[in-house]
Amino acid sequence: MGRIRVLVVDDHRIFAEALAAALAAEPDVEVGAAGSAAAAERALERAAAEGRAYDVALIDADLGVEAGGPAARARPGPEAAEEARRRPAPGMPAARRPGAAPLAPPIPATAAARPPDQLRADQLRPTAPPPDGITLLGRLRRAHPGLRGVVLATADDPHRAARALHAGATGWVAKESSLARLLAVVRGVLRDETHLPPALLTGVIRELTTARRDRTESERLVDTLTPREKQILRCMVAGLGRQAVAERLYLSPHTVRTHMQNVLGKLGVHSTLAAVAVARRAGVSPAEPAAPPSIASTP
């Protein structure tokens, strides 16, 4: 085996740098580090473009979601609300204490007519949180199928470990583990082995068994549908409304409505969203997009 290229993805800089330095001391390991999901994606894309793709990604399970992380900072607290309350009116300079950090920019003049409560709500609306480590791992595995993913976790959690396996992880390592243990996992996943702590095995198997049981029940429910109802369900999974389904299958909207009601009843649910969830668990794929009409060429 040649040199192993490892990417450490962790937003705790001290931990990430210490781990990268320890791994880099191994003669057959090259290490890169990324402190966010976006940085990890850029690093992998750049390495692939240069023909030096990473072999293994070590990803913090709680990337971006721990206290003080980006996701936590996106949620405004009392201090942020107080700062927003003290912001000056449009066009007024912000008062600053000597040595104080600059306040946030003033409210745009176009928003001056809004009620103060609405202004504060608009300005404090949280941005979409970044993906956690397990979600990121799934995304990276889809973009880079040859990449092995190992989750670094602060605690052993069977549910999250099972979720990580579903996302494509082949290893789960506690952050308190020794470097020798981590290296053994890195080398093992490159031999297509799956590494889990022994204490997690029973819980993970239980989680996977439960998930499989849910899938089996969903498959049984879907099998009760007629071929036409399965067509309707696939259209529902594709997000098509009643009129669109009617046009796709050359049926009347009233007939489609009847079929949809039958689908909900046989699946034992009360909404289209719940029916789609059952279909997804059963592995039902969405209906293919409609082919554009062909245009006959004139001789």
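**Close-up views of a predicted model**

**View 1. Surroundings of Leu-7.** Leaving aside neighbours within four places in sequence, Leu-7 is in contact (heavy atoms within 4.5 Å) with Gly-32, Ala-33, Ala-34, Ala-40, Ala-43, Leu-44, Tyr-54, Val-56, Ala-57 and Leu-58. The model is predicted: local features need pLDDT of at least 70 and side-chain atom pairs count only at pLDDT 80 or more, whereas totals for chains, interfaces and linings use all residues. Residues are numbered from 1 along each chain as its sequence is written, and side-chain values use heavy atoms, with hydrogens and water left out.

**View 2. The nonpolar cores.** A nonpolar core is a set of buried Ala, Val, Leu, Ile, Met, Phe, Trp, Tyr and Cys residues joined through side-chain atoms within 4.5 Å; buried means under 20% relative accessible area, with exposed over 50% and partly exposed in between (1.4 Å probe, protein chains only). The largest core has 29 residues, of which Leu-7, Val-9, Ile-59, Leu-136, Val-151 and Trp-172 touch the most other members. At least two residues each are supplied by β1, α2 (37-49), β3, α6 (133-143), β4, α7, β5 and α9 (198-223). Helices (H or I, at least four residues) and strands (E, at least two) are DSSP runs, numbered from the N terminus. Helix α2 gives the largest share of this core, six residues. A second, separate core of 24 residues includes Cys-235, Met-236, Leu-267 and Val-284.

**View 3. Arg-5 in strand β1.** Arg-5 belongs to strand β1 (residues 4-9). This residue counts as buried because its relative accessibility is 12%. Its side chain joins that of Glu-30 in a polar contact of 3.2 Å. Such a contact is a pair of N or O atoms within 3.5 Å; within protein, one must be able to donate a hydrogen and the other to accept it, and residues adjacent in sequence count only if both atoms are side-chain atoms.

**View 4. Asp-62 in a loop.** Asp-62 is located in the loop between β3 (56-60) and α3 (70-73). With 12% relative accessibility, Asp-62 therefore counts as buried. The side chains of Asp-62 and Arg-160 make a polar contact of 2.8 Å. Not counting residues up to four places away in sequence, Asp-62 touches Thr-154 and Arg-160.

**View 5. Strands β4 and β5.** Strand β4 (residues 148-153) runs parallel to β5, joined by five bridges; strands pair if DSSP finds at least two bridges between them. Val-150 stands opposite Gly-171 in β5. From β4 the chain passes through helix α7 (residues 158-167) to β5 in a right-handed β-α-β crossover. Right-handed denotes that, with the strands pointing away from the viewer, the path from the first strand over the helix to the second runs clockwise.
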